[in-house]
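Colleague: I would like to learn how to read a model of this kind with some care. Could you take me through a few of its features in turn?

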Amino acid sequence: MLKAVILIGGPQKGTRFRPLSLDTPKPLFPIAGVPLIQHHIEACAKLEECKEILIIGSYTTAHMAQFVSDMQKEYPIIIRYLQEFTPLGTGGGLYLFRDQIRAGNPSAFFLLNGDVCADFGLKELWTFHNERSDALVTIMGTEATRQQSVHYGCMVCDTVTKAVNHYVEKPNSYVSTLINCGVYVCSLQVFHTMADAFQRKQDGFYSGTNGNSSPHPGYMSWEQDVLAPLAGTKKLYAMQVTSWWSQVKTAGSAIYANRHYLELHRERQAVPAPCHILPDVFLHPTAIVDSTAVIGPNVSIGAGVTIKAGVRIKESIVLNHATINEHALVMYSVVGQDASVGEWSRVEGTPSDPDPNKPFAKMDNTPLFNSDGRLNPSITILGASVVVPAETILLNSIVLPHKHLTRSFKHEIIL
Ligand code: GDD
Ligand code: GTP
């Protein structure tokens, strides 16, 4: 029997995802029509041996209850949410809930960062791990560019055995282009290693030698306190994959992830198409779409959305109950829940895809503002219940929830 743990952080995290995460916790933001971490759940549920998924985070149970109950109905697997009383880091929550993970004596458990998206090859990862009897943890790794690699966990591996000899989390200078994907399979014995790490953290906390790195005595970094010390002991391995993988940190990366998940889940696409569709497009069955609209590629339309005559939408996500009025254009944008775009208006952003000319390039998770304090061009975001009047142009802008715009804007945050 196998289990899976999904780490989702809490309301303090995902700040680069604002304002999209103001109304919906980032792990529940819909990508290709389903909440971000439903893609993780689906990947775990596909494995017959996987019997339980524990979602660990510091969002309140109230935030997560509906989602967990929906998932429980959809997948034949036990799914539970475990709330940390305070953010305990990527290792602290895992250690706190170790008894729940160990219950039933699973052979191993998967550990998945909630903010990555991928064609999770969990079966291959499990087989790889199982073949190495001394392995405590196997990390799914992928190649990145030299320049981008330093924003991730970097690993140096033995070319034959694939044992990780060196692990540095977000190094200051170049270490390796093999990066940690935030997807792991762990043997239960890893909790012994964690117990030692926990003891060291506690000692440091109470003697004041941890510095600012541990805000709480139970705080532990899975990467720095567990993986880094395991490197070179022949208990840590990396399985390199070449399939699609990305982080979801910024709103721009949601559009990128949407494209790939739509491609992976073509079976969710509407047949027959209610209007001219350029694949891939996800249309919720309750969306009302005029037959003269043209939608796609890379568009997800949520529940109860109304799309009127002559509308053109591409490379965008339109959230539940939004209305796109006659002849409006929406491109490289996210339209929030209950928002409305007036007739003949144009809502447009700038794509922020990885550089197609650089092999292994990942998304650049550029901050909102550049060094002179100006907004970096990115996708346009309309917060929940925003109203864009008729015949206006909105370019590379972010509109916070509930604003009623009265004119056109470009390169602005509208508070
Ligand atoms: N439960 C819980 N509690 N989850 C947490 C906490 C916490 O206190 N802190 C972070 N997480 C979750 C986040 O929601 C995210 O899903 C995951 O743990 C990773 O946390 P980050 O702190 O955002 O790390 P990162 O994404 O910058 O880097 C990690 O992922 C990269 C791949 O995406 C590292 O594991 C890197 O080594 C790796 O390359
Ligand atoms: P990930 O995207 O999940 O990696 O984290 P993040 O976006 O929160 O990282 P970022 O570098 O933007 O922020 C680092 C930390 O600073 C966050 O985890 C928050 O604790 C804190 N922080 C950043 N911005 C704000 C803010 O506007 N308000 C508050 N309260 N805290 C913030």
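Colleague: How many nonpolar, polar and charged residues does the shell around ligand 2 have?

Modeller: In this predicted model, the shell divides into 4 polar and 4 charged residues, with no nonpolar residue among them. Ligand 2 is surrounded by 8 residues, and the closest are Gln12, Lys13, Thr15, Arg16 and Lys249.

Colleague: Into which domains is the chain divided?

Modeller: Domain 1 covers 2–247 and domain 2 covers 255–410, and the contact between them takes 19 residues from domain 1 and 29 residues from domain 2. On the side of domain 1 that touches domain 2, helix H1 (20–23), strand E2 (30–31) and strand E13 (245–247) each supply at least two residues, with H1 giving the largest share, 3 residues. By class, that side of domain 1 holds 9 nonpolar, 6 polar and 4 charged residues.

Colleague: Why is Glu42 classed as partly exposed?

Modeller: A residue counts as buried with 20 or more other C-beta atoms within 10 Å of its own and as exposed with 12 or fewer; Glu42 has 16, so Glu42 is partly exposed. Glu42 belongs to helix H2 (residues 38–45), and its C-alpha atom is separated by 7.8 Å from that of Tyr75, 33 residues apart along the chain.

How values were computed:
Residues are numbered from 1 along each chain as its sequence is written. Chains are lettered from A and ligands numbered from 1 in the order in which they are written. This is a predicted model: local features need pLDDT of at least 70, side-chain atom pairs count only at pLDDT 80 or more; totals for chains, interfaces and linings use all residues. A residue is near a molecule or strand if its C-beta atom, placed from the backbone, lies within 6 Å of it. Ala, Val, Leu, Ile, Met, Phe, Trp, Tyr, Cys and Pro count as nonpolar, Asp, Glu, Lys and Arg as charged, and the others, Gly among them, as polar. Helices (H or I, at least four residues) and strands (E, at least two) are DSSP runs, numbered from the N terminus. Domain bounds come from an automatic or database domain assignment. Two residues are in contact if their C-beta atoms, placed from the backbone, lie within 7 Å.
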